[in-house]
Amino acid sequence: MANPHEPHSDPSQSLMILPSALIATILAKLDVASICSAASTCRAFRSCASHILSFIPNFHLLDIGLSIDLLRPLLMPTNPYLRTLQVDCTRLDDSSFDYLLRPSLQELSLHNCADFTGKLLSHIGQRCKGLRFVYLSSLAEKRGRSIDVSDLEELLLGCTQLETLILMFDVSMFVRHNFARVWALATSKLVSLEIGFISSIMVTEMLSPPIGPNQSAHHLRTCIFPGLQKLSLSVDYITDTMVSMISESLPSLTHLDLRDSPIMEPRVSFDLTNIGLQQINLHGKLKHLSLVRSQEIFPTFFKRVNDLGILLMADKCSSMESIYLGGFCQVTETGFKTLLHSCAKLYKLRVSRGNHLTDLIFHDITATSLSLTHVSLRWCNLLTNFAVTRLASNRGLVVLDLRDCRNLGDDALQAISTLPKLKTLLLDGSDISDMGLCHLSKGMSSSLVSLSLRGCKRLTDKCISFLFDDYSNRELRELDLSNVPNLSDAGMLLLAKSRIPIFELRMRQCPLIGDTSVMALASMKVDENGWQGSSLRLLDLYNCGGITQLAFRWLKKPYFPRLRWLGVTGSVNRDLVDALTRNRPFLHVGCRGEELGADQWDKLDDLYIHDYEEVDEFEQWLLEGENESDEEMEEAENVGVLPD
């Protein structure tokens, strides 16, 4: 056996003597990205990785949108054991059907399918008849034309084992004729249905099976979805008629999630009222309820619902475990307290735009048996530190979202610091100071994973030293410091010095952040063995005042090897942005001010830590053999300097 202490011993040669069966057993336990990373280290691993990819059962690759040329050698056509496929389809189209759609699949998740046509639906039904789970997003968004209902019909007819169907796109692209009739073809095994956008009229028609030619109008209609337990819809208007139809037609429903974004103030016939709330949970099985009116398009609320409607609904909701009510501007603490005292099993409470919600909601919360773990009180501007102090009596809180509650200050942070299990804390727009974060870090040294301080105007660079002083908050992985006007490069130098392996760092709209911050983060060492800048996967520098072309040099390879999302101001120097995109083809660059990454609320349980090396071996493996050059970046840098 080779002696590892010999001066000229080659580690890769030492790996060659390991039994291939042992290497295969180890690699088979890794995900696809990790397998490819290992394949770039030596010939033994590369050979073994190619073999493993021919029988791997789960192929999950959502961080990078690969072209078909790069995806082809990974998705082995000879793999008869592939059961789960999750792929970012940003660079794919209909020509990739043969590689994506396999008869052996049971779960299929295709994200960002904008370049596909509606034929994707029919081909799934024809080729993947054993599917139990289907997720499709952004289907045909770049095509600019409607999707034929016959494609949906083939999907529903072909996938007879389907249990979960998630269509995260605008289904109004379907020609409305026969749309409702097609859903009668869905298998009775369907238990979960989620739709990105659908009109309330289409929902009502979908749940109302058509009357046969020889049937009277009073004929007892059969249930379209007899086993459906979860329904999640984004609609134009949440109405009494739609809510009533859902409650009557779905006897097995346990999860109901409805969200609307009206383009104008709705008339009473197109709105939710106290009457509609009384129809919720007619069958008594509902455990999770979400009714949200968004102000994304037009500033409107559920103005026809008041405390009486909530009181009437609460009588049927004693078994509720999760409630999210957004935009109920006429409901006061009386209505919300009724829910807290009626729902003994409630563990998740979310309220947004509660304009009349005051501290009294939690005044006697200790008298209840509630064990809340997730609480969100967003845009509830009447809440003060007293409410948070009372709420903190729930020692099991894991997620606390207090964004845009502008009357909260340092006393609230002192109460929050006593929560031993808190992982996510969102304090955007609150009136906290550096000293408040000092209280927070002293009380919470190990649990906090995600912290958002966006728009907290009183914070300065000292908040960084307070957050990470004396090895506190070592588990923090996501930090949002956007729109903090007094945050400067000095604060980022303190962050780099702390050696905290931050995964996501947002600093948009910070006028004092400049090139020095980028250089500090690129040079940041998490431990003595390396990790220079390699922990960051998301960095948002949009509209930071001091960013010039010098920062773009540090955003090139080999710096920030794990970076997948980058926000910059592209309108200032588009040539530099375009050159950077070509230099790093797997980097998602946002330059129009869009929010980066996924919804943190929904992804908390998926957070995990890899023991990364100094370079991104996965990207290196994908691009192996390509002769990359920095000439384009150098030419772009000569075009001009980004102004302060």
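Helices here are DSSP runs of H or I with at least four residues, strands are DSSP runs of E with at least two, and both are numbered from the N terminus. Keep that in mind for our opening residue. Ile 64 is found in the loop between strand S1 (58–61) and helix H5 (68–71).

A word on the source. This is a predicted model, where local features need pLDDT of at least 70 and side-chain atom pairs count only at pLDDT 80 or more, while totals for chains, interfaces and linings use all residues. Residues are numbered from 1 along each chain as its sequence is written, and side-chain values use heavy atoms, with hydrogens and water left out.

Back to Ile 64. Is Ile 64 buried or exposed? Buried means under 20% relative accessible area, exposed means over 50%, and partly exposed is in between, with a 1.4 Å probe and protein chains only. Ile 64 has 2% relative accessibility, so it counts as buried. Now look along the chain to Ala 33. Ile 64 and Ala 33 are 31 residues apart in sequence, and their C-alpha atoms are 9.6 Å apart in space.

Next, the whole chain. The protein chain has 24 helices and 20 strands. Of its 644 residues, 54% are buried. Its accessible surface comes to about 27900 Å². Carbon and sulfur atoms account for 51% of that surface. These areas come from the Shrake-Rupley method with a 1.4 Å probe, and for residues only the protein chains shown count as cover.

Contacts next. Contact means heavy atoms within 4.5 Å. Take the contacts in the chain with a separation of 6 or more: 77% of them involve residues 24 or more positions apart.

Now the core. A nonpolar core is a set of buried Ala, Val, Leu, Ile, Met, Phe, Trp, Tyr and Cys residues joined through side-chain atoms within 4.5 Å. The largest one holds 187 residues. Which members touch the most others? They are Leu 100, Phe 225, Ile 416 and Leu 539. Zoom in on Leu 100.

On to helix pairs. Two packed helices are described by the angle between their axes and the distance between the axes. The axes are lines fitted to C-alpha atoms, for helices over the stretch in contact, and angles run from 0 to 180 degrees between N-to-C directions.

First pair: helix H3 (residues 32–39) and helix H4 (residues 43–52). Their axes come within 7 Å and cross at roughly 150 degrees. That makes H3 roughly antiparallel to H4. The cut-offs: under 35 degrees is roughly parallel, over 145 roughly antiparallel, 65 to 115 roughly perpendicular, and the rest oblique. Ile 35, Ala 38 and Ala 39 of H3 meet Phe 45, Arg 46, Ala 49 and Ile 52 of H4. This contact has six nonpolar residues, no polar ones and one charged. Here Ala, Val, Leu, Ile, Met, Phe, Trp, Tyr, Cys and Pro count as nonpolar, Asp, Glu, Lys and Arg as charged, and the others, Gly among them, as polar.Now helix H19 (residues 489–498) and helix H20 (residues 515–522). Their axes come within 8 Å and cross at roughly 5 degrees. That makes H19 roughly parallel to H20. From H19, the contact uses Asp 489, Met 492, Leu 493, Leu 495 and Ala 496. From H20, it uses Thr 516, Ser 517, Ala 520 and Leu 521. The residues divide into six nonpolar, two polar and one charged.

Arg 499 is in the loop between H19 and strand S17 (504–506). Its phi is near 65 degrees, a positive value in a residue other than glycine. Arg 499 is partly exposed, at 31% relative accessible area.

Asp 404 also has a positive phi, about 65 degrees, although it is not a glycine. Where does Asp 404 lie? In the loop between strand S13 (399–401) and helix H16 (410–416). Asp 404 is buried, with a relative accessible area of 12%.

Now Phe 179, in helix H9. At 2% relative accessibility, Phe 179 counts as buried. Leaving aside neighbours within four places in sequence, its contacts include Val 149, Leu 152, Ile 198 and Met 206. Phe 179 and Met 206 are 27 residues apart in sequence and 7.4 Å apart in space, C-alpha to C-alpha.

Last stop, Lys 189. Lys 189 lies in the loop between helix H9 (179–182) and strand S6 (192–197). Lys 189 is partly exposed, with a relative accessible area of 41%. Beyond its neighbours within four places in sequence, Lys 189 is in contact with Thr 160, Gln 161, Leu 162 and Glu 163. The C-alpha atoms of Lys 189 and Gln 161 are separated by 6.5 Å, and the two residues are 28 apart along the chain.
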